[in-house]
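Here are a few exercises to work through with the model open beside you. Try each task before you read its solution.

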Amino acid sequence: MSTVRLLVGTRKGAFILTSDERRKKWTIDGPHFGGWEIYHITGTPADPKRIYASQSTGWFGQVMQRSDDGGKTWEAVGNQFAYKGKTGTHLWYDNSPHPWEFKRVWHLEPSPSDPDTIFAGVEDAALFKSTDGGKTWQELPGLRGVQGSQWQPGAGGMCLHTILLDPVNVGRMFVAISAAGVFRSDDAGDTWRPATKGLQTTSELPEPAPEVGYCVHNIAMHPSQPNVLFMQKHWDVMRSDDSGDHWREVSGNLPSDFGFPIGVHAHEPETIYVVPIKSDSEHYPPDGKLRVYRSRTGGNEWEALTNGLPQSDCYVNVLRNALSIDKLDSCGIYFGTTGGQVYCSSDSGDSWTAITHDLPAVLSVEAQVLP
């Protein structure tokens, strides 16, 4: 019987949750790195025992951690994230120029085939790559060369928070940056271009449809349809059918098209999930009802999934990296909240149970199926 492993990053440490494929009973191991913010913890598809974690605090800074035994022991690896060349400036909140400064790692994306190759998205926004298991990191500076002087932080900072590696088109990858937009590379990260046509911005910008300046919260793809991308933007749920060349809105009948995560069913590439939040100033569910919304048609038509979720007096948020989907035949959906709850659905969202109610605020959730 397979094992399901949830790697959960929180404001006060990392937790490893495990169950068998029935997903009824769970064990909780942790906290690892207690007291540290774990922006992202993720396993390596090429080696089930390899886990990477990004830990940070405002006091001690950033530390990269690696485990080669499934989280039993950890080793601090390379922590030098040096921008290449002259960085210049980006825009600050008041539109003044501001120097680039490394603050933390937001997202880790391991290679699907090589356990020693991993990408890191950081704040201030840039993309780094390691080919020696995280011991050393090199920036892919071509990304910042795409109008980086016009990038600007969102409310959470100027972060590169999402990395998608195309499983079919070798060398193609996508990144999302708040608040700059989506960028695409077709040559393994050497050169980049904006993938933002069709997006709209609510801010006062000098151009009606600029190439950069969009607060993208998350993007997702299904490996069987790598040309189809789904996006949760600051406002609007969007879809692209041509690898980001053009986007169209698919918010449809959602109660709010503001939110952070978006995910795709493991076996149904047109089934997608979002968690609507009331607004950009009120980061909690509309009407105090925690509802995951599912579309089986790739957007526009949405249904509320509520069975097992609190439907009154619930004022938590679900952050951009805090939703994950497993690959079992009965597809599992998982998400964590800022209230410390981690929810599981073993039937594609039809019903939900709380694995735990009492973790620190959840920053990230990653699901893996282990042999």
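**Exercise 1.** Find which residues Leu6 touches, leaving out those up to four places away in sequence.

Step 1. Take contact as heavy atoms within 4.5 Å. Leu6 then touches Phe15, Ile16, Leu17, Trp26, Tyr334, Val342, Ile355, Val365, Glu366 and Ala367.

Step 2. Before going on, note that this is a predicted model, where local features need pLDDT of at least 70 and side-chain atom pairs count only at pLDDT 80 or more, while totals for chains, interfaces and linings use all residues. Residues are numbered from 1 along each chain as its sequence is written, and side-chain values use heavy atoms, with hydrogens and water left out.

**Exercise 2.** Work out how many residues the largest nonpolar core has, and which of them have the most contacts inside it.

Step 1. A nonpolar core is a set of buried Ala, Val, Leu, Ile, Met, Phe, Trp, Tyr and Cys residues joined through side-chain atoms within 4.5 Å. Buried means under 20% relative accessible area, exposed over 50%, and partly exposed in between (1.4 Å probe, protein chains only).

Step 2. The largest such core has 32 residues, and Leu6, Val8 and Phe335 have the most contacts inside it.

Step 3. Among the strands that each supply at least two residues of this core are S1 (3–10), S2 (13–20) and S30 (362–370). Strands here are DSSP runs (E, at least two residues), numbered from the N terminus.

Step 4. Val105, Leu127, Val175 and Trp192 are included in a second, separate core of 31 residues.

**Exercise 3.** Find how many disulfides the whole structure holds.

Step 1. Look for cysteine sulfur atoms within 2.5 Å of each other. The search finds 0 disulfides.

Step 2. For Cys159, the nearest cysteine sulfur is that of Cys215, 7.9 Å away.

Step 3. Cys159 is buried, with a relative accessible area of 1%, and Cys215 also counts as buried, at 17%.

Key
Helix = DSSP H or I, 4+ residues; strand = E, 2+ residues; numbered from the N terminus.
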